[in-house]
Amino acid sequence: MTDTKTQNAISLKGSAQLVKEFFHFGINSILYQRALYPSDTFRREKKYGLTLLVTQDAKLIAFLEPLLQQVEYWLSKKQLKRLVMVISEVRSKEVVERWQFDIHTEDVDEQGENATRQKDEKKIRQEISDVLRQITASVSFLPLLEEPVSFDVLIYTAKNTEAPENWTESGACLIQNSEQVQLRSFSTAVHSVNTNVQYKAD
Amino acid sequence: MAFRDVTNGFTPMSTAMRALDIGAGRSKGPGSAGRSTMAIGRKGGASQGLSLRKRDMTPTRNTNIVPNASMVGDRFLGVRMNEDEFDRANHLINHHMHGKKEDSLDTSHSAPNSPKKELTEGDRLKRMLRAKSSGNITDAKEDERILCYKKNLAPPPAVGYVNQAKVLYSVSGVINPASSVKKSIRNVSQTAIKVLDAPGLAKDLYSRHVDWGVHNWVAVAMTNDVYLWNTESGDIKNFFEDSPPMNEGAITGVKWSHDGKYLTLGYASGAVKIYDPNRPRTSTNVRELRTLRVGGGQRCAAMAWRKNGILTTGYKSGDIVNHDVRIHNHVVSAWGGEAGHSRDVTDLQWSADESMCASASADRTAKVWEERFVRSTDNSIIRNPSPLHTMDEHLGQVRCVQFCNFRDGILATGGGTGDGTVRLWDVKRNFQQLKEISICASGGVGGIVFNRAYSEMLTASDDGLLRICRFNASYKISHEIRASAEALMDCVASPNDEILTTDMEETLKVYRLFQVDKSTNILDRMQPRNVGFNVR
């Protein structure tokens, strides 16, 4: 009995790890599905019962790794409110797509009585896989990216959060006259992540 | 009634059950989220009939704000974090849609709307939905700050990478399925269709003597003089009207602009002069528009135009300079120094999309330069940037470079004496060598021409032979044509894929090697033809 109980208990730290993992696969999926990088620079990886594509481009990995580590840190400190992946055209700098992940953190302490929440990890993985599946499916309605594009990652945090090295203040990079599609959400019982994608209409 | 066809069995009962199923089965996890989903389902069930009559419209996929979201199914079903937001949206929609009818006593929602109404309900709804995504709801709140990770520093994909979806769905024909060209027998005429005598043609393998313009005027440089030859009418004109400028030395490079309006000549002194063939002669200059000079540059042989008025020139010193011919201080960037070439630049080519420039040099390397180093944003001169890639595998001087015009992302470089190979590089894969093709054992390769209709590569080499090489898995040489007893110096293609060669015997020859059968659909695939790209 005690075994199952500890297995299903999710701490803030563990939840941050799960969400970071989701972002890792989510961002890679978007990069692959939206063809920001050549498809043969990605390798297949089994995860959440899906075959996901993860980049093996050394430069890109070196770019994403510190980013995700910082995100995990902020998640574990309950400071991350939103993560946005902005896709913009290289030449005109115009934002054409915006993947928004709203993060809602439950009131959980880092230690002590109120440090854990109950949720089956299998269930969480199932929910995450549903979101990733939707990201893959979204290619069918998102407009074709005609121009060369690049991406940026924005983070919404509390005002008092210190900006580490490599992080700079930025605007929201909103899209004028955009269409928005709400995707599924998932929750680790500590963090709930709500995904939507906005794109330039016509 | 255990088995039944449920495809059309959409009774209110099953809708309600589906809604319940959504709530209970899948999204129960996210705590409050699950409950609100259920609420959406129920609300929809209750007010569905009324709201349908009220709006009389098909909900779009964005209707997750609309109360009757259960109609849309659960594919894009949103999850509201709190009910307040939901109620507010409901209020906004009803408020806007039935703007004037705020009187709570007036319940006749089904009454027809005033005909003076400027916007249809659909427009209003759309406007509201769209405003939501660009309005302040998505923006940061008062107590939030937005941070960006390494702004604009995401590593770019390999240069020349084209979104594959774009290739699939666009009509420009970037990919040309070679398999569709089924040719069992390919007859190549071994004889030239025209032979011209050109006494005075400089016997210099590092010079460019001819260029074929899009208007079918061929410019031929003979030491100090230039002749224009119209290949359609056969007219020949002396460009300088018997008073060629002698003070700059011999002409070492000839180049038409893409549109054929301007002729550019490179001189042994390093001067580059731009001429307008239609300009009347003056007492001092014949048709000259301007002279581009750079300090220390000697002998300019390689020239390449970009479409936006930038002329890229390569000099004997190994320097490559970009000139903006429209402005007074014409030098916009200089590619040289440690990372640049150390000896003569022999050839320059811009890729079809002008994202990169390939240069060949007598220092046994070929280099590829990025477009971003052409011009700086603040009008300063860019000096000595690092090339994108250096190819130093050739065993002799590199005498020519050419981008493939039918297969995306292939660059060919031709080696000079002592090398005699053509090497193919994959631009998209960090310039991996795709293939080394031995062309000529005794000499070098002077010119490479790609043919789109046949997916073939033609090379001109020092042993006087033209060789045609199939672009399939084996890259086998399929035909050899004896063009001269001496070395071939230039090899250029016309807009109609005729081949013009010059050789050490001081003759010009035109070959028609890539004739297309007009009765087949091969011609269709050639439209739109990339005029100018083939022209050196």
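Student: Which residues does E45(A) touch, not counting residues up to four places away in sequence?

Tutor: E45(A) touches L52(A) and V54(A) on that count. Keep in mind that this is a predicted model.

Student: Where is the place of E45(A)?

Tutor: E45(A) belongs to strand β2 of chain A, residues 42–47.

Student: Is E45(A) buried, exposed or partly exposed, and why?

Tutor: E45(A) is partly exposed, because 13 other C-beta atoms lie within 10 Å, while a buried residue needs 20 or more and an exposed one has 12 or fewer.

Student: What separates the C-alpha atoms of E45(A) and F25(A)?

Tutor: Those C-alpha atoms are 9.7 Å apart, with the two residues 20 residues apart along the chain.

Student: Helices now. At what angle do the axes of α2(A) and α3(A) cross?

Tutor: The axes of helix α2 (residues 12–33) and helix α3 (residues 58–76), both of chain A, cross at roughly 145° and come within 8 Å. The crossing of α2(A) past α3(A) is right-handed.

Student: Which residues of α2(A) and α3(A) meet there?

Tutor: From α2(A) the list includes L12(A), A16(A), V19(A), F23(A) and I27(A), and from α3(A) it includes L64(A), L68(A), V71(A) and L75(A). Also among them are K13(A) and K20(A) on α2(A), and E72(A) on α3(A). By class, the contact has 9 nonpolar, 3 polar and 3 charged residues.

Student: Which strands does β7(A) join through bridges?

Tutor: Strand β4 (residues 80–89) of chain A is joined to strand β7 (residues 149–158) of chain A by 9 bridges, and the two run antiparallel. In that pair S88(A) stands opposite S150(A). β7(A) is also joined by 6 bridges to strand β1 (residues 144–149) of chain B, again running antiparallel.

Student: Which residue of β1(B) stands opposite I155(A)?

Tutor: L147(B) stands opposite I155(A).

Student: On to chain B. How many helices and strands are there?

Tutor: Chain B has 6 helices and 30 strands. Of its 536 residues, 38% are buried. Among its contacts between residues at least 6 apart in sequence, 51% join residues at least 24 apart.

Student: What is the order of the sheet with β11(B) in it?

Tutor: The order is β11-β12-β13-β14-β18 in chain B, an open sheet of 5 strands with mixed pairing. β11 and β18 (382–383) of chain B are the edge strands, each with a single partner, so one side of each has no neighbour in the sheet.

Student: And where does the parallel pairing come in?

Tutor: Strand β14 (residues 331–335) of chain B and β18(B) run parallel, joined by 2 bridges. The bridge partner of A334(B) in β18(B) is R383(B).

Student: What about β13(B), which strands does it pair with?

Tutor: Strand β12 (residues 310–315) of chain B pairs with β13(B) in the antiparallel sense over 5 bridges, with T312(B) partnered by N322(B). β13(B) also pairs with β14(B) in the antiparallel sense, over 4 bridges, and there I320(B) stands opposite W335(B).

Student: How many residues are between the strands in those hairpins?

Tutor: The hairpin of β12(B) and β13(B) has 4 residues between the strands, and G318(B) takes a positive phi near 100° in it. The hairpin from β13(B) to β14(B) goes through 6 residues.

Student: Why is β13(B) described as largely enclosed?

Tutor: Strand β13 (residues 320–324) of chain B has 4 of its 5 residues buried, so the rest of the structure largely encloses it.

Student: Which residues have the most contacts inside the largest nonpolar core?

Tutor: A219(B) and A412(B) do, in a core of 90 residues. Strand β11 (residues 300–305) of chain B gives the most to this core, with 6 residues. A second, separate core has 56 residues, among them W99(A), F101(A), I128(A) and I135(A).

Student: What does A219(B) touch, leaving out residues up to four places away in sequence?

Tutor: A219(B) touches V210(B), D211(B), V226(B), L228(B), V254(B), W256(B) and L263(B).

Student: And A412(B), which residue is it the bridge partner of?

Tutor: A412(B), in β21(B), is the bridge partner of Q402(B). β20(B) and strand β21 (residues 410–415) of chain B pair in the antiparallel sense over 5 bridges.

Definitions and conventions: Residues numbered from 1 in each chain as written. Chains lettered and ligands numbered in written order. Predicted model: local features only at pLDDT ≥ 70, side-chain atom pairs only at ≥ 80, totals over all residues. Axes fitted to C-alpha atoms, helices over the stretch in contact; angles between N-to-C directions. Left-handed = near helix turned anticlockwise from the far one by under 90°. Contact = placed C-beta atoms within 7 Å. Nonpolar A, V, L, I, M, F, W, Y, C, P; charged D, E, K, R; others polar. Core = buried A, V, L, I, M, F, W, Y, C linked by C-beta atoms within 7 Å. Pairing = 2+ DSSP bridges.
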